[in-house]
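Dear colleague,

Please find below the structure that I am handing over to you. My findings follow directly after it.

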Amino acid sequence: MKLTFCGAAHEVTGSCYYIEACGKKMLVDYGLEQGADIYESGELPVGASEIDYVFLTHAHIDHSGKLPLLAAQGFSGTIFSTQATYNLCKIMLRDSAHIQEFEAEWKNVKAKRAGKDEVLPLYTIDDAIAALECFESHSYDELIDICDGVQIRFVDAGHLLGSSSIEMFLTENGISKKIVFSGDIGNTDQPLINNPKYITEADYVITESTYGDRAHGSKPEYVAELAKVIQRTFDRGGNLVIPSFAVGRTQEMLYFIRQIKEEGLVTGHGDFRVYVDSPLAIEATNIYSTCDREYLDPEALELLSKGINPIEVSNLKLAVTSEESKAVNYDLEPKVIISASGMCEAGRIKHHLKHNLWRPESTILFVGYQAVGTLGRAIVDGATTVKIFGEEIEIKSEICKLAGVSGHADINGLLHWINAFEFAPGQVFVCHGDDDVCEAYTRRLRDELGLNAYAPYPYAVVDLITNKMISEGNHQKIEKKSQSSPVFKANSPYGRLYLAGQRLLQTIQHNEGGANKDLAKFADQIIALCEKWDR
């Protein structure tokens, strides 16, 4: 019964935990890393085809984004999630695959001109579809029998539509352990979705720590504050550009803007236009509008009971095609532009930044976390110029943040969540936070709450029966690593070949004990292939 920390250890993104128990190999999340990598992480200790189950906390790409790669490498097990998480993954994983393919195509145009090697996408649309076919959906609070000795339960984490903490119950050789994976713990009093539900018992807790060193501050009047930003921007004749996560944050912004318009809080600009320029955000908004009511909070349910769609905004313009997206910047009237991605790393938001960052009359409003190493973080941290599509852009627009708007619990929310455990867990592992933040939050858990807390490094392994660390993992940061050690990236041609070779070896191992005739034929095929490519 072992737990390995494969991702989001001393880093915020790329969540992935590997569990071996009851003769099964399981993952909790398999997410993409976003922003700068501090440590080498994300690789699995076994081949994809050996994984039996994946338990997914929620649909955000830093938790789900490598599931198509898992499918491409041979995974054929079951991915368990809530229904809303599956519905969101149906659009988000396809969108992620589209981005992978588009960026590879764009890089290859440049590579061809420079005489460099071709780059392959990390995965394709077909890989995303293959992953989606592995999903099995369940409701909150349902105790799910996975296999002999393994049960799980999804508990509302209040972070995103369908998001969950996961309770995992393991019994092996007569010994039972309960492991709780927090997922991303939600901020309280967010629009549309419920507050986090608290768990009271566990032997082990794996908790996120995104805001483990700071508080959001007193909750502002979001509607009033957003109205002020819109008012002064429009009065200057500028656009309000909101880099927004397509799923979750975009719908919250629409919720606020609907109320602003309903109450007439912006004056002198009539029924101003609001653009949502993100096909993904548009599809996600449809999912929010039609989701099962178990995912919605009492305020949203009350609006629905009155026949009011909580996120339906008058004079809303949806930009689906690239032509419609380009046309947004030819509209000279002051307007609100909500576009993805939320950290400004990809997607259409970069075009809107290019057209508005240099304009003193415009405002760029950040409404979510900006990871270290992202374009959004550079702008928030006070950069005077940024490079977008190879062009240097001087920043003259107003840059501001809507304080307190976060899908993540702050330090107070995190402490409230951990304090809900009626008996101290045997061990608390602190993950999903910046390098220093993980350590800072771990110290608070130890010093203030007296908990046995530890911030594991990538590939740390713990024996869940004895509570002993089998391996301390990789403490060495990337910039300090020896360059002589080869690193194979899956999105390079050689990297894909290398991974294909690993998959072939797994297939050979799985066929041990097969019919001699079939094995001989398989061996002949491999030998013939090798002879063809031997140099």
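Two strands are taken as paired if DSSP finds at least two bridges between them. The model is a predicted one, and the notes below should be read accordingly.

Strands 9 and 10. Strand 9 (residues 164–172) pairs with strand 10 (residues 175–181) in the antiparallel sense, over seven bridges. The two form a hairpin with two residues between them, and Asn-173 in that turn has a positive phi of about 55°. Glu-167 stands opposite Val-180 of strand 10. Val-180 also has Val-205 as its bridge partner in strand 11. Strand 11 (residues 204–207) runs parallel to strand 10, joined to it by three bridges. Strand 10 is mostly covered, with five of its seven residues buried.

Cavities. The structure holds three cavities of 30 Å³ or more. The largest has about 80 Å³ of space and a lining of 14 residues, among which Ser-15, Tyr-17, His-63, Ser-182 and Gly-183 lie nearest its centre. Strand 3 (24–30) and strand 11 each supply at least two residues of this lining. By class, the lining of the largest cavity comprises four nonpolar, seven polar and three charged residues.

The second largest cavity has a volume of about 50 Å³. Its lining has four nonpolar, five polar and three charged residues, including Lys-219, Glu-252 and Phe-256.

Strand 1. Thr-4 lies in strand 1 (residues 2–7). Thr-4 counts as buried because its relative accessibility is 9%, against a cut-off of under 20%. Beyond its neighbours within four places in sequence, Thr-4 is in contact with residues including Tyr-17 and Tyr-459.

Yours sincerely

Key
Residues numbered from 1 in each chain as written. Predicted model: local features only at pLDDT ≥ 70, side-chain atom pairs only at ≥ 80, totals over all residues. Heavy atoms only, no water. Helix = DSSP H or I, 4+ residues; strand = E, 2+ residues; numbered from the N terminus. Buried < 20%, exposed > 50% of the residue type's maximum accessible area, 1.4 Å probe, protein only. Contact = heavy atoms within 4.5 Å. 1 Å grid on protein atoms, 1.4 Å probe; cavity = no way out; pocket = protein on both sides within 12 Å on 5 of 7 lines; lining within 4 Å. Points joined across faces, edges and corners; volume = space filled by probe spheres on them. Nonpolar A, V, L, I, M, F, W, Y, C, P; charged D, E, K, R; others polar.
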